Every structure is written in C-alpha cells, then in structure tokens.
Amino acid sequence: MATFDGGDSTALPGAAVTPGAAPLGAAGEAAVEPRARRRWLRGLLIALAALVLATAGALVALATVGGAYRAEEVPGPRAAVLAAAPDAKRLDRAESRIKAAGPHAGYIVVDTYRNRLRFYRDGKLQREAKCSTGSGIVLRDPRDGRQWVFDTPQGEFEVQRKVKHPIWAKPDWAFIEDGYLPPPSGSPARFDDFSLGDYAMYMADGYIIHGTVFPNLLGQRVTHGCIRLGDEDLVWVFKNTPVGTKVYLY
Amino acid sequence: MPRPSLSCALLAGSFLLVGGGMLAAAPARPARAGGETRPVKPTKKAPEKPEAPAADAATTLAELEAGLVTSPALYLFLDPARSVLEVKSRGVVLDTIPLRHVTMLRHTPLFGTYEAPRLPLPALWQVAESPEDFSRETIAPEALRPFNPNEVEKVAGVKVTEPTEKLPPSSYRVKLDNGWELAVLDEVPRTHFFARFVQAVKNGWAHLHGESHAHPPLVAITVTPDDARRLHHLFRLKTTLLVAAGAS
C-alpha cells in the first residue's frame, strides 16, 4: 500500500511476494514508476494548493493593511435642519438679497472655455456669438523676469465706457512679445488705431471687448485677456450694451 | 532529495509566514484626517451638546448663498439632489453642468464595520489648491532689440498666437479647505467589492514599500470628459463651492 510518506510494501527490497505476482526486476520497476509519478503529482497539487492559499493570505493581509475607498450617499440635511420649521420670512429675506445682487437689465456672459459670448435680457438669451479669449500663455521679460499671464479674468465686471474707433495704447508686453524693447511712453509707436476694430467696450483692469483683425481665430483662446468679437456681433453688442452693463466671465 | 510532502509543507508554511509577517510588520496607520473613518469601539459616550437652533435646509442654503453674492467672484453650486453643478456669480446661473453621478468616498479598511463623522450639509467649501495646470506655456524672447516700425510686417500690432493643442485632463482632484477633495471624474468610480479589494492590495503594497499616500475623503462627481475639461480652469485658489445636502 502506497502512503504519502513514501511507504510502499511492493517497492521495498526483501518484501514478501504474493503468489502469482510478478517477481521484482524490470517489471516491478515499471509498476513502481506510475506510483512515484502519482506521488509527485499529489505533492505538486498540494504544493499548488498551499501556494494559492498562501497567496490569498498575503493578498488579504495586504488588502487589510491598504484599505480602499467606500462609496456613500451624499448625506441629507442634519437632523436639526430637518427638524427646523420652515421660516418663510427668513427665506424671503435671503432670496431677496440674492436677487438684488444680480443684474437688473441686459447682461453679458462669456464662456472662456468654449469661447462664446451670450447676451441676455430679462433672463432670456438674445444673442450668442463666437469670441476669442485669453490664451493662458505666460510671457516673461528677458531683462528682469517680469511676467504677464494672458488670462481672461473670472467673475463679475461692468462696461465702464464705450468708444467708437478706439486707439490702443500698447503696453510693454505688446513689444516684448515681438522681441522689441518697449519704446518710451508717449512715443507714436505706442498707439495703434487698427487692432481693436471699430468699437470697444472697456471694463476694469484694462480688459476690453473689442473687434479683431483675425476673424479666423474666433472661437479660440488666443488673446492677451481681452474678448474679441467678429464685426457683425461687435456692432450688435455695442448697440445693445449701455455703460454699466454687467459682464460675467467664467 | 527532500520528500514532496515535506517540501509542500515548507513552502506553504513559508508563504503563510510571509503573509502573517506582513500584517505584523506593518507599521501603525498614521493619524487620520478629520473626515476619515474609525473602527467602531465600545467607548463611553460623551454627553451630546445641544445643537444651535437651525433653519430649515432651503433657508440655510439661501442664507449661505446670500453671503456669497456680496462678492463679484464666481462660485460653484453643487446640488446632489438635482445632480447638477452650476457656475454662478451674484446669484446668476452662468452655466449648468449635468452630473452623471455624485457620491462620497471615504477610505476605510476593507473589512469590518466603520462609522464616519457626518458631513454637515449644506456647507461652503473653498478651493485650497487648484488642480495641476496643464495648459500653461511660457514664452520669453532671448533678447530684445530696439523697436523699428519698418520691421513690423504684421497688419496690426496684435500678435497672432497659435492656439494651444494641450487639453486639460478629464479626471482630476481639487483640494478643499475642509480636508476633503473634490474628484472630478469622467467615469463612475468602481466601488464594488472586487474593485475595492484590488485597490486595497495596491495600497497595502505601497504601504509596505513605505510610500505613504494620503487618502482624504472625496466628493466624487462624474461628468462627461468635455465638461470635466471645461470645469478645470474654474477651480482656482479660493473659488467657493456651495454644496447642498443630498436627498433627505
């Protein structure tokens, strides 16, 4: 009888041979071989099982140490908030403050990711136009490391003044970007009566809604922070935008 | 030659030892962030403090927003019950981004029951750190030469800037001032057991190698890849996020 610890009576030298059984020798060795193979196979299977178990144990140990994110529902209001009786006066007061902060006439919204300008009146969309907004590029002055970030800002602005046939007083960066030393202030080279188009609406911090000499770039982020419009849209917006109009940039 | 049974036993034993050893050798977990969970322990309950009188959810939310509209800055309004994120300023809805999924994710051990401190909502959070900016490009001429109008070939003084090809990522995280993070994802996070197990094994492996990663609690919103990209630039430092409570 074969046992896992290697005991096998027929394989032992000197063991009794039952009547009719083949004597030990070549045939006996042939009979031992499959048994040895089986033994090895069994051993291998047990080793594999042990390996699988050990690996699983190691993975569970790792997972226990590591932890993972568990999903939860976004909680509802706190019990105290749920239990609170609705206070109509308090709610009205808060809502009135919110409403009062918003625009009271037409207003402009500029989506700087999609490069779209929308004009609303009484909450209704009146016109949507392709525009160009800030490229997000950073320009560095090689002389002193001064930097300009060409972003269109975010938040609420206001049209402070409107100008027909605007002249652009070019700032330093407009020269540095082209590799030139900025000319002294007041130099005729500083003034450009072409680039802003026919109309300009000035907001705070030097940001302007104006025309463009590159209509093919409308819809893209290519400007130095200003908002460029095509001719037709610029005329419409200029006519419909009184000074004081709110401009929301995002 | 060793007997197979002995080899197997030795092999199995060594693996089990390694597994057990890893558990034993693992250093104690570092102190958890405020929002992380802790195992339930039978402890003496501290006397509960009476909560201040609260307004109902709608009033609380309106009052928080009324405080925000005094500033011209943009703010974002996350409404899990309606599954929308609104871009607002002065109470005006400038844009509405539909959310495919909203959930909260807390890093917890894989096994056992855990309790987490309840997140007080509605609430105002601020962006403490913007997501990494992939779209910035810096240009700097090597030297500047004196201006010569005759040299200027362009039709106008405004330089033509080629639009950048780089798009913002469609999955990213934004650090918030309350220790939480807002995860903007383009796929619904997988939180079934197998996914969590795989993640836990990876985390455990990293932990064994001394790579300590913070696992702050997350509010995960899933949007389309395009919406995720267009939201990216709105998460500037100190941008306020007004978060409504979930469905009660």
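## Pairing in the sheet

Two strands count as paired if DSSP finds at least two bridges between them. With that in mind, take a look at this predicted model, where strands β5 (residues 101-108) and β11 (residues 218-222) of chain B run antiparallel and are joined by five bridges. Within this pair, Met104(B) sits opposite Val219(B) of β11(B).

These two strands belong to an open, ten-stranded sheet with mixed pairing, in the order β1(A)-β5(B)-β11(B)-β10(B)-β9(B)-β7(B)-β12(B)-β2(B)-β3(B)-β4(B). β1 (68-72) of chain A and β4 (92-98) of chain B are the edge strands; each has a single partner, so one side of each lacks a neighbour in the sheet. On average, neighbouring strands are turned by 30 degrees against each other, direction ignored.

## Helices against the strands

Helix α3 (residues 193-208) of chain B lies across β1 of chain A and β5 of chain B, and runs at about 145 degrees to β1(A). Helix α4 (residues 225-232) of chain B also packs on the sheet, where it touches β3 (84-89), β4, β9 (172-176) and β10 (181-185) of chain B. The direction of α4 makes about 140 degrees with that of β4(B).

## Nonpolar cores

Which residues touch the most other members of the largest nonpolar core? In this set of 38 residues, they are Leu85(B), Trp125(B), Leu182(B), Phe235(B) and Leu241(B). Beyond its neighbours within four places in sequence, Trp125(B) has contacts that include Leu119(B), Leu176(B), Val219(B), Leu241(B) and Val243(B). Asp177(B), Asn178(B), Thr239(B) and Thr240(B) are also among the contacts of Trp125(B).

A second, separate core has 19 residues, among them Leu117(A), Ala129(A), Cys131(A) and Leu229(A).

Definitions and conventions. Residues are numbered from 1 along each chain as its sequence is written. Chains are lettered from A and ligands numbered from 1 in the order in which they are written. This is a predicted model: local features need pLDDT of at least 70, side-chain atom pairs count only at pLDDT 80 or more; totals for chains, interfaces and linings use all residues. Side-chain values use heavy atoms; hydrogens and water are left out. Helices (H or I, at least four residues) and strands (E, at least two) are DSSP runs, numbered from the N terminus. Axes are lines fitted to C-alpha atoms, for helices over the stretch in contact, and angles run from 0 to 180 degrees between N-to-C directions. Contact means heavy atoms within 4.5 Å. A nonpolar core is a set of buried Ala, Val, Leu, Ile, Met, Phe, Trp, Tyr and Cys residues joined through side-chain atoms within 4.5 Å. Buried means under 20% relative accessible area, exposed over 50%, partly exposed in between (1.4 Å probe, protein chains only).
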